[in-house]
Every structure is written in structure tokens, then in C-alpha cells.
Amino acid sequence: MLTVTAPATSANLGSGFDVFGVAFDRPLDVVRVERAPETTIEVSGVGSQYIPTDPAKNTAGVVAQELGTPARIVIDKGVRPSSGLGSSAASAAAAAVALSELYDTDHTREDLVWVAAEGEAAVSGSAHADNVAPAIMGGFTVVREDGVESVDAKVPLVACLPETVVSTREARGVLPSTVDLSTMTETVGNAATLTIGMHRNDPELIGQGMAESTVTPARAALIDGYERAVEAATAAGATGVTVSGAGPALLAVTHQGDQRAVAGAMVDAFESIDIDARTFSTMIGSGATVH
Ligand SMILES: Nc1ncnc2c1ncn2[C@@H]1O[C@H](COP(=O)(O)OP(=O)(O)OP(=O)(O)O)[C@@H](O)[C@H]1O
Ligand SMILES: N[C@@H](CCO)C(=O)O
């Protein structure tokens, strides 16, 4: 079978709601495909009991339908679902690259971003591409309605995943529908600062540019221990901390050498209120890889 891996990703980075994303080095989903008369899905791995095998409800199955490439699809989940680490996107991204390769379609990686986004739409109710873009293209990505830009940034990150579940659908439901002009100005300034930081591989600018005051507080309220974990990570040297995607994971940016201290501080903060948490220390990584 043809094997493709796609990484966990973190969307939004605070100021880039539905626009910014970064690829991690790990964890990864492993997707194997072979041609078949009709699409079937098998799922194992982390949280697989919560993942539908009906192709119409699984992001990888929706991708097969969109591409017109029926296949036996075998998914080994490394990215926990409903985590804020792009679990549904990792499967969609790996499936898109695998099926395009299997059927030798002439899609570019950018084309496949929009195909994989249809998989996301099927499970979250909106076709945002900010997780599938880095999962396919790697690096730091910027998604607009008519294109995707990517920068091969190298910056240390720590993701902290508390043992709670927040679905993207639920986390989109708590968002305000409008922002005022001064908030918009502040957000644009922060997003631009973050983008310059990615070009310079500068954790200070990226951390400052992650600040955001509309989406982040609304989602933070769904995550017990959020403020405590942010304070602890900042005291341990994080240059910025925000909600990863729709949560409940948190994303911290650090200087080289500070990841271990920041990871430990966040785990301790959650454990102090009896919530288990695990961390992933990673650099911004590559996109989907054919093996
Ligand atoms: N292949 C798949 N992998 C993971 N989840 C899937 C898959 N196909 C369908 N789903 C469904 O998608 C939902 C998880 O997606 P959701 O967007 O809530 O989480 P996430 O992808 O981890 O988070 P985020 O997008 O915030 O980073 C679950 O209801 C799950 O059953
Ligand atoms: N941009 C999306 C990412 C989660 O899938 C959101 O924040 O809802």
C-alpha cells in the first residue's frame, strides 16, 4: 500500500484566526491507501473509537469522494481528535496527498489544500483550510480565499494538551459575530508582527504577534486552567502562549533551550487543578510526506 504521513498542526496562532497555521514535527497520522472499487475506511490509534468509518463522515473519505479516487484507506491516528492539534486535518491532508499520488492526478499541493478543506467542512461545518494548509505544505502558512502562502520558518514550539475535549463545532459556536474597528487595528498589527517574526525566525516577535482579544478569550473560557497555564509558561520563558486551533490544546512559542521548562510549567499548572496534560515539544516542521 502507498503510505503518507501528515503532521499535527496548530491553526490561528492567536491573531490569524482561520488564516495562520504551522506544521509540527510530531505527532503524525499515517494513512495507507490502495485502489478499490469503492471507498472503505479502517481506523486505529489514538482516539480511533471516536472516529467514524463511514466515508461520508470521515475527512479522508470525503477527500476520496472529492477527488473521485475510490480506495481502501487505512488510518493510524497519532493526532488525538478534538484536540486543537488538527487531527481531522492530518487525516484529510495525508489522504489527499496519498490518493493524488495513487491515481497520479495532476493536482498541485495547493490544489490539494482546497480538496482537504472539504473534508474539514464535512466534520466542523466550515471549510477553513488553516490546518490542512500546513499539514500539506509544511512550515508557517497563510490561507486566503484565493491562495496559500508558506514560509519555511524554524522556531521552537510547545503544544500542551490537557485531558479535556473541545470540538471545533462547539468552539466556533462561542465566537462573537462582529469586531470593532480598534480591535481590528490591533489584530492587524499583531498579525503583521507575527509574520515578520516568522520570516526572521524570531520567537520574540512571533510571541508578541500572537496576542489577540476577540476569539482567544471566548475559547479560553472553555478550557479549565487556561490562565494558570499561560502564566506558568510565560514565567518559564515562553514568548507567547495562545489557544491552539479551537482548543483545548495550548500553543507556546519559546527560545531554543526553553522548551523543557515551558512544557513542565504547563503540565504542573494543569495538574495543580487535577487535570492531566501532555506536551509535544517540536520545531515548525514539514508537510505531508510520501514514504
Ligand atoms: N480522520 C479523522 N480524524 C480525526 N477526526 C475525524 C476524522 N474524520 C472525522 N473526524 C471527526 O472530526 C472531529 C474532530 O475534529 P475537530 O476539528 O473537532 O478536532 P481537531 O481536528 O483535533 O481540532 P482542530 O481543528 O481544532 O485543530 C471528531 O468529531 C471526529 O470524529
Ligand atoms: N481556524 C479554526 C481551526 C480549528 O479547526 C478555528 O479556530 O475554528
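Which residue stands opposite glycine 21 in E5? Threonine 141 does.

This is a predicted model, in which local features need pLDDT of at least 70, side-chain atom pairs count only at pLDDT 80 or more, and totals for chains, interfaces and linings use all residues. Residues are numbered from 1 along each chain as its sequence is written, and side-chain values use heavy atoms, without hydrogens and water.

Helices (H or I, at least four residues) and strands (E, at least two) are DSSP runs numbered from the N terminus. Two strands pair if DSSP finds at least two bridges between them.

| Partner of E5 | Sense | Bridges |
|---|---|---|
| E2 (residues 20-35) | antiparallel | three bridges |
| E6 (residues 147-151) | antiparallel | five bridges |

A hairpin of two residues connects E5 with E6, and arginine 144 has glycine 147 of E6 as its bridge partner. Strand E5 (residues 140-144) is largely enclosed by the rest of the structure, because four of its five residues are buried; buried means under 20% relative accessible area (1.4 Å probe, protein chains only).

A nonpolar core is a set of buried Ala, Val, Leu, Ile, Met, Phe, Trp, Tyr and Cys residues joined through side-chain atoms within 4.5 Å. The largest one has 36 residues, and Val33, Val63, Ile73, Leu99, Val132 and Ile136 have the most contacts inside it. H2 (87-102) is among the elements that supply at least two residues of this core, and H2 gives the most, with 10 residues. A second, separate core of 26 residues includes Phe140 and Met198.

Definitions and conventions. Chains lettered and ligands numbered in written order. Buried < 20%, exposed > 50% of the residue type's maximum accessible area, 1.4 Å probe, protein only.
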